[in-house]
Amino acid sequence: MKMNLRKTAPSFILAAALLLSGCGGTASEYKFEGTAPADSEIYVSPVEGITDDFLRGADVSSYLSQIESGVKYKDFQGNELDEPGFFKLLAECGVNAVRIRIWNDPTDKDGNSYGGGHNDLDTAVTIGKWATEAGLQILADFHCSDFWADPSKQKAPKEWAHYTFENKTAALSEFLKTSMERLYTEGVNVTMVQVGNEINNGFAGETVRERINSLLVTGTNAVREAAASSGREVKVALHYTNPESSNLLDYARDLKSDGVEYDVFAVSYYPFWHGTTERLTEQLKNIADNYGKEVMVAETSYLYTPDDGDGQGNSVSSDTVGVVLNYDISVQGQANEVRAVINAVKNVGDAGIGVFYWEPAWIPVRVYNSDSPDAASVLDQNRESWEIFGSGWASSFSKTYDPNDAGKYYGGSSWDNQALFDFNGEPLESLKIFRYVFSGTLRDMEIVKVEDIRYESGIGAAVEMPSSVPALLNSGDKKDIPVTWNVEQVSAAEASGSGTYEISGTAEDNGVKYELICILEIKKINYIKNYGFEDADMSMWDIKGNGVGKEADNNKRSGEYSLKFWDSKPVSFTAEQKIDALPKGKYDLGAYLQGGSAGSNPVFELYITVNGEKFSAQSGVTSWQNWDNPIVTGIEVPEGAEVVIGVKVEAAAEAWGAWDDFYLYEAE
Ligand code: CA
């Protein structure tokens with residue numbers, strides 16, 4: 001069994017912390033409004049109207065597990081920071097609040113930690129005291145669960161699992177009150193409390209709205225009572241995610257009608273998952289205006305590198321499918337993201353009160369490099385730390401509580417490439433964004449890079465390459481600059497006909513040259529109009545017969561529509577298109593067909609007539625989505641010929657299927 005070091009570590013670390021306190025400034029002493037632009041390697045323009053009371057937060061919940069695992073954080077001069085020094089560095093960089101998640105009991109029955117920072121109340125007290133000494137405010141984020149709570153899981157703490165709803169209500173109230181009183185008694189400067197975390201789909205094991213909101217009434221009351229009895233003022237926040245969703249306002253509406261009294265409507269906003277910052281502003285402003293609430297972003301972050309630092313694959317990287325990476329993956333891009341989110345919340349107006357960065361310090365315990373000869377042993381050591389100290393997102397011991405996710409896929413930090421410290425604990429310049437949003441920086445706006453482009457051109461005509469390309473600026477904006485292309489490569493591509501080619505180019509701005517590649521695709525011209533039946537206008541098709549028409553269903557091959565057929569009586573039709581002004585030349589005709597139940601000796605014919613002479617190919621159906629591709633090749637078309645393409649179908653009653661994606665290309 002693993003020893004739980006957490007019980008012994010804080011007391012002597014804290015003694016050291018107290019001895020060292022008193023040096024350097026604290027967050028409450030810093031005033032950033034009206035400060036002069038700073039020298040920096042990154043470009044930042046100030047956020048208009050931002051004031052010192054705007055919350056610039058960092059969720060450093062994993063911090064204690066990290067340092068127990070041996071992680072060292074450094075200042076900008078490379079000096080190792082002790083615990084008070086770490087929090088003072090945050091304050092110096094403009095952070096004025098810290099968010100700490102709290103789980104009721106993140107341990108198995110033998111006392112082994114589930115991991116994920118081992119964020120029980122003791123951990124919150126320890127981190128909260130260091131943060132308080134550095135003058136930071138604390139947002140206590142009660143998940144009201146024993147481990148991660150998010151849209152996919154809202155499990156009740158195991159102790160409450162078999163409680164009646166009445167008993168759970170009483171237990172929630174008691175837990176929040178005693179936890180808050182403990183935090184205040186220990187001197188932790190809690191100024192905001194979250195009751196629940198990303199509670200879109202549930203809370204504390206409940207999934208029905210009436211019960212969720214009934215518990216929220218109890219929870220918010222408990223927080224206010226605890227603050228009042230300790231002589232403190234506190235804001236109560238409720239926290240949801242997917243701020244881009246049209247459902248967001250429904251939560252605010254239901255909270256109002258269910259009588260939940262809270263102060264702050266908080267959301268997670270990750271730009272790679274959650275839409276634009278304009279949409280974020282619009283949604284938050286709607287809630288502020290319609291429900292009279294303050295609003296904020298309780299979690300955001302962005303990646304500065306595509307690399308993984310600890311051997312645990314990362315949640316988001318440059319090759320992640322289905323994410324939007326609108327900012328450059330760099331320290332500058334990360335700073336631009338935070339600035340944009342702060343600006344988006346500020347654009348709500350006075351009701352927009354803050355932005356918290358999620359886990360900026362969750363870096364590798366030991367730096368893992370898969371190419372290094374010691375990779376296997378580093379990974380083993382990391383795994384041991386994740387298991388003992390909980391510095392990974394989950395330990396194997398979580399399986400008794402969350403068998404299907406954490407218990408299966410436990411491991412390290414999937415967020416190390418989104419930290420505001422590098423893999424070795426050196427702070428990134430983007431950590432200072434929380435002060436630079438006041439002052440801006442002296443860095444000039446300049447080009448960061450010119451990325452490769454893709455370009456499409458039709459066959460047969462001269463390829464007109466673009467005369468300018470977008471250059472990415474350090475501000476995050478784009479600017480078009482002139483470009484020249486390798487003319488030999490362009491001519492060779494033209495001569496080769498349809499296909500994909502790499503063309504090298506040189507863009508230039510202010511005498512600086514940028515090399516880039518254009519992936520040029522020369523596409524064949526399809527002389528058939530509305531060849532996939534996607535256009536509403538069907539006038540070019542002449543369809544005669546029964547049981548046939550365009551339809552949007554699962555019979556399509558591409559797009560939304562196909563030319564579908566079915567009838568209870570024998571199916572008989574032709575679908576033709578006259579091809580006007582087809583240039584003299586040699587052509588290939590093709591189409592795709594699938595279907596079934598065609599009976600014996602059906603006819604499925606694809607044809608073309610040139611001045612009345614017919615050329616055709618026979619096809620047939622076998623089963624659903626099993627596409628046949630009949631083709632007619634080498635069709636000679638003289639100057640001014642009358643050309644018609646078409647299909648003919650004669651099949652049994654109940655025959656079904658679809659034609660799609662017709663083409664008539666010039667032959668190669
Ligand atoms: Ca990782």
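This is a predicted model: local features need pLDDT of at least 70, side-chain atom pairs count only at pLDDT 80 or more; totals for chains, interfaces and linings use all residues.
View 1. Residues are numbered from 1 along each chain as its sequence is written, and side-chain values use heavy atoms, with hydrogens and water left out. H7 itself spans residues 248-257, and Leu-248, Leu-249, Tyr-251, Ala-252, Asp-254 and Leu-255 are buried there; buried is under 20% relative accessible area, exposed over 50%, partly exposed in between (1.4 Å probe, protein chains only). Just past H7, look for Gly-259, with a positive phi of about 75 degrees. Helices (H or I, at least four residues) and strands (E, at least two) are DSSP runs, numbered from the N terminus.

View 2. Asp-308 (OD), Asp-310 (OD), Gln-312 (O), Asn-314 (OD1), Ser-413 (O) and Asp-416 (OD) coordinate the calcium ion at 2.3 to 2.4 Å. Donors are N, O and S atoms within 2.8 Å of the metal (3.2 Å for Na, K and Ca); water is not among the atoms, so sites may look incomplete. The six donor atoms subtend angles of 75 to 179 degrees, so the arrangement is octahedral: for six donors, that takes opposite donors over 155 degrees apart and all others between 65 and 115. Along the chain, the spacing reads D-x1-D-x1-Q-x1-N-x98-S-x2-D. Asn-314 sits in the loop between strand S7 (294-300) and helix H9 (331-346), and Ser-413 in the loop between helix H11 (406-409) and helix H12 (433-439), so this pair ties together parts 99 residues apart in sequence. Asn-314 and Ser-413 are both buried.

**View 3. The largest pocket.** This one holds about 620 Å³ of space. It has 28 lining residues, and Asp-150, Trp-273, Ser-315, Trp-358 and Trp-415 are the closest to its centre. A pocket is an open set of points on a 1 Å grid over the protein atoms alone, where a 1.4 Å probe fits, with protein on both sides within 12 Å along at least five of seven lines; lining residues have an atom within 4 Å of a point.

**View 4. The second largest pocket.** Here there is about 440 Å³ of space. Closest to the centre, out of 19 lining residues, are Thr-277, Glu-278, Tyr-327, Asn-336 and Ala-340. H9 gives the most to this lining, with five residues.

Terms used:
Four donors count as tetrahedral if all angles lie between 85 and 135 degrees; four count as square planar and six as octahedral if opposite donors are over 155 degrees apart and all others between 65 and 115; anything else is irregular. Grid points are joined across faces, edges and corners, and a volume is the space filled by probe spheres set on the points.
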